[in-house]
Amino acid sequence: MKKKKYFLREFFKEKKIVGAISPSSKTLGRLMLKNIDFDNCSCIAEYGPGTGVFTRMILEKMNDDAKLLVFELHDAFYAKLVKEFEGNENVILINDSAENITKHMAENNISVLDAVVSSLPLANFDEKLTSQILKRAQGALKSNGLYVQFQYSLNAKKLLKRIYSSVKIDFTPKNIPPAFVYTCRK
Ligand SMILES: C[S@@+](CC[C@H](N)C(=O)[O-])C[C@H]1O[C@@H](n2cnc3c(N)ncnc32)[C@H](O)[C@@H]1O
């Protein structure tokens, strides 16, 4: 099945969790990753990789000995990621919610993250879940670390500004739908 059709089918199964009708564009991916200093990253977390469009781009840029901790809650996407990335020593795949970052870092002997790349559909979550995910990610990041999040609106601006010392916003029309990228520095 074609990638876009497959993604749309999964959207109709779990609309709130999947949160998009189509995988993101590479243009959006480039915007998400442009401020990450990959040469100095030893551990990155990705939240909500879906079918892995950003995962592949991150792995292309990451150091050979760096780790990528990948959180995907939707079972069908997780199974697809396992097929593609199982055996890749840089990738740790986790079929759990991103809110449980602290537990999974401890289990994998990871003390700090250099960056978090998040595609989570925050606008679909209740306030408590959003706040837990964002605060725990902030707590897991090294000082000066980056939290990068895309959304289809400016809904997350106020909350992210409360948690991070600096929040920069980019926009690209080259995505379905057009998207805002929040680059937040701890
Ligand atoms: C908008 S899609 C983005 C998929 C992909 N990164 C892309 O840009 O094409 C959001 C993704 O977040 C996942 N997701 C939703 N809630 C999650 C959670 N609490 N923890 C981890 N993943 C979650 C969904 O299953 C979905 O794969």
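**Exercise 1. Ligand contacts**

Determine which atom of Gly50 lies 3.3 Å from an oxygen atom of the ligand.

*Solution.* Step 1: the atom of Gly50 is a backbone N or O atom. A polar contact is a pair of N or O atoms within 3.5 Å; within protein, one must be able to donate a hydrogen and the other to accept it, and residues adjacent in sequence count only if both atoms are side-chain atoms.

Step 1: in the side chain of Ser24, an N or O atom is 2.5 Å from an oxygen atom of the ligand. The side chain of Ser119 has an N or O atom 3.0 Å from a nitrogen atom of the ligand.

Step 2: on its own the ligand has 600 Å² of accessible area, of which the protein covers 99%. Accessible areas come from the Shrake-Rupley method with a 1.4 Å probe, and for residues only the protein chains shown count as cover.

Step 3: there are 24 residues around the ligand, and those that come nearest are Ser24, Gly48, Glu72, Ala98 and Ser119. A residue is near a molecule or strand if one of its heavy atoms lies within 4 Å of it.

The model is predicted: local features need pLDDT of at least 70, side-chain atom pairs count only at pLDDT 80 or more, and totals for chains, interfaces and linings use all residues. Residues are numbered from 1 along each chain as its sequence is written, and side-chain values use heavy atoms, leaving out hydrogens and water.

**Exercise 2. The setting of Ser119**

Locate Ser119 and state whether Ser119 is buried or exposed.

*Solution.* Step 1: the loop between β4 (113–118) and α7 (127–140) holds Ser119. Helices (H or I, at least four residues) and strands (E, at least two) are DSSP runs, numbered from the N terminus.

Step 1: the relative accessible area of Ser119 is 16%, so Ser119 is buried. Buried means under 20% relative accessible area, exposed over 50%, and partly exposed in between (1.4 Å probe, protein chains only).

Step 2: apart from neighbours within four places in sequence, Ser119 is in contact with Tyr47, Gly48, Phe54, Gln149 and Phe150. Contact means heavy atoms within 4.5 Å.

**Exercise 3. Strand β7 and its partners**

Explain why strand β7 (residues 179–185) is largely enclosed, and describe how β7 pairs.

*Solution.* Step 1: since 6 of the 7 residues of β7 are buried, the strand is largely enclosed by the rest of the structure.

Step 1: β7 pairs with strand β5 (residues 141–151) in the antiparallel sense over 6 bridges. Two strands pair if DSSP finds at least two bridges between them. The bridge partner of Gln151 in β7 is Phe180.

Step 2: strand β6 (residues 166–172) runs antiparallel to β7, and 7 bridges join them. Here Val167 stands opposite Cys184 in β7. A hairpin through 6 residues joins β6 to β7.
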